Each structure stands twice: as C-alpha cells, then as structure tokens.
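Subject: Structure handover

Hello,

Here is the structure I promised to pass on. Please have it open while you read; my notes follow below.

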Amino acid sequence: MLENIRIVLVNTSHTGNIGSAARAMKTMGLSQLVLVDPITAPDGKSSALAAGAGDVLANAKTVSTLAEAVADCGLVIGTSARSRTLSWPMLEPRGCGEKLISEVSKYPVALVFGRENNGLSNDELQQCHFHVCIPANPDYSSLNLAAAVQTLCYEVRMAFLNLSRGQYPENNPEDTDYPLSEDLEGFYSHLEQTLIKTNFIIAKHPGMVMAKLRRLYNRARPETAELNILRGILASVDKYIKNKD
C-alpha cells in the first residue's frame, strides 16, 4: 500500500533537501519519489544527506511538469502555507494521511511539495484535489522542506498502521471510482475550449473563469461515470455548434 504513495518535489533548489526528503520518506516506509524540474539534479550532497535512503534517491524519477508527475494519480494533495486568491478544499495533516491511505489501494496517490522559497504556484495548486497545511507556530511557521515531508509522511504512516490494526474502520478504502488526474485535465481542457466556442470565455481575456470552475469541480469531485456524462454534454454542445455553423 505504501509503495503506491508518491512524494512529489517541485522545482527544488537545494540538492541537500532532496536527499533529506528521501531519508524522511524511508523512515516512514515510503519509497516513490518524483522530482519535477529540479534546479539542480541530485548530487553528492543529496547522497550524503540521504544517509541510508540512497535507494529511494537512486530510484527517484525526474519529470518536467507536475501534470506529468501526477497524470496516473486518482488523488493529488498539495501542500500550501499561504492563503490564496481562491480558497480550496483543505485537509489537516491527520486527515491528509487518512485520505491518502483510504484511496491508495485503488490507484497511485500523490503528496506534492513546492519550492523552498515560495511553495507551489496557483496553477500547480489547482491541479490538486485538496490542499494541506501544517498548523505550525503562527509566530514562526517556517518549515524546512524535509521537515514538512517528514511531518506529513509520519501522518501517512500512522494512518496506514491504524487501518492495518482496524482502529478506524470508517476510513476503509472507498468504493467510489474517481477519474485519474490526466482524465480531469482532459475534461478541463475540453470545457475551456467549448466555453470559448460559445463565447462564454473570451480567449484573449479569460479572467478567472477556469480557475473558479476548477475549484467548483474539485470541490464536487465528480466520479468517473459523472465525468463521462460531463464530457458527453460538452461533446453534444460541440456537435450542435458545428452543425449550426
């Protein structure tokens, strides 16, 4: 189960943090590390700080974009320490661990960490189903990347152990079939193109429409069958517009 949980580090600038994150992961039984466009590839400093977690570091996958990193994931949770223009469904660290464990038996799930200096961008956060914030000391809430990875991986492990012991049966794996991230991105792209065709969105001045629609659908979290219905509706609108022309 833990092997299907993906830790994603986006645009990491300090190679030592990559190694420290790998070590934090291995202490909690996690092994799947994905690096999105790191400033510098893992090096000797990464290996030194990984200590006994060199295998996690050596097997880390490097990709160009967050979309590529989570394309086959059915649940994506992004870390965020800042208030944003648009609020998003939020989880506490404990709830984050339980949510990941409750769905990981069905498909890969991902926990995404942003840049050391300014975290994840708004566009990246909008690719996540939920956001999680560690409730640190408000007078000094700065967390090192590896410390944040350690904290949330600990919650994942505790949720895994509690489920294994049957301590919270209400959080057993869900039966709901949710679409993968790449399927959702395909829907959002289709939705935007259809709204442009109907002039609901002006291509040169799109505003915040798609961001707000992403929030709406992420909050509703449509099931796979429901997403297929929505795609069918868009296809029927596209057909009508084509025939009308």
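I start with Asn17. Leaving aside neighbours within four places in sequence, Asn17 is in contact with Thr12, Glu116, Asn144 and Leu145. Contact here means heavy atoms within 4.5 Å. The side chain of Asn17 also makes a polar contact with the side chain of Glu116, at 3.0 Å. A polar contact is a pair of N or O atoms within 3.5 Å; within protein, one must be able to donate a hydrogen and the other to accept it, and residues adjacent in sequence count only if both atoms are side-chain atoms. Asn17 sits in helix H1. Asn17 is buried, with a relative accessible area of 11%. Buried means under 20% relative accessible area, exposed over 50%, and partly exposed in between (1.4 Å probe, protein chains only). Helices (H or I, at least four residues) and strands (E, at least two) are DSSP runs, numbered from the N terminus.

Some ground rules. This is a predicted model: local features need pLDDT of at least 70, side-chain atom pairs count only at pLDDT 80 or more, and totals for chains, interfaces and linings use all residues. Residues are numbered from 1 along each chain as its sequence is written, and side-chain values use heavy atoms, with hydrogens and water left out.

Now the overall layout. The protein is divided into domain 1 (2-166) and domain 2 (181-243). These bounds come from an automatic or database domain assignment. The C-alpha centres of domain 1 and domain 2 lie 29 Å apart. Their contact takes 18 residues from domain 1 and 12 residues from domain 2.

Next, the sheet. Its 7 strands run in the order S3-S2-S1-S6-S4-S7-S5. The sheet is open and the pairing is parallel. At the edges are S3 (61-63) and S5 (90-91), each pairing on one side only. Two strands pair if DSSP finds at least two bridges between them. Strand S4 (residues 75-79) and strand S6 (residues 109-113) run parallel and are joined by 4 bridges. Leu75 has Val109 as its bridge partner in S6.

Two helices lie across these strands. Helix H5 (residues 93-103) lies across S1, S4, S5, S6 and S7 (130-132), at about 160 degrees to S4. Axes are lines fitted to C-alpha atoms, for helices over the stretch in contact, and angles run from 0 to 180 degrees between N-to-C directions.

How many of the 11 residues of H5 are buried? The count is 8, so H5 is largely enclosed by the rest of the structure. They are Pro93, Cys96, Gly97, Lys99, Leu100, Ile101, Ser102 and Glu103. These residues pack against S1, S4, S5, S6, S7 and H7.

On to the cores. A nonpolar core is a set of buried Ala, Val, Leu, Ile, Met, Phe, Trp, Tyr and Cys residues joined through side-chain atoms within 4.5 Å. The largest one has 40 residues. Ile7, Leu9, Leu33, Ile77, Leu111, Phe113 and Val149 touch the most other members. Helix H7 (residues 145-164) supplies the largest share of this core, with 8 residues. Not counting residues up to four places away in sequence, Val149 touches Ile7, Leu9, Ala21, Ala24, Met25 and Phe113. Apart from this core lies another, of 15 residues, including Val70, Cys73, Leu120 and Cys128.

Some single residues to check:

- Gln127 lies in the loop between helix H6 (122-125) and S7. At 17% relative accessibility, Gln127 counts as buried. Its side chain reaches the backbone nitrogen of Ala67 at 3.3 Å. Gln127 touches Leu66, Ala67, Val76, Glu185 and Arg214, not counting residues up to four places away in sequence.
- Asp37 is in the loop between S2 and helix H2 (44-50). Its phi is near 45 degrees, a positive value in a residue other than glycine. Asp37 is partly exposed, at 43% relative accessible area.
- Ala51 is in the loop between H2 and helix H3 (54-58). Phi of Ala51 is near 55 degrees, again positive in a residue other than glycine.
- Ile229 is in helix H10 (residues 224-244). Ile229 is exposed, with a relative accessible area of 54%.

Best wishes
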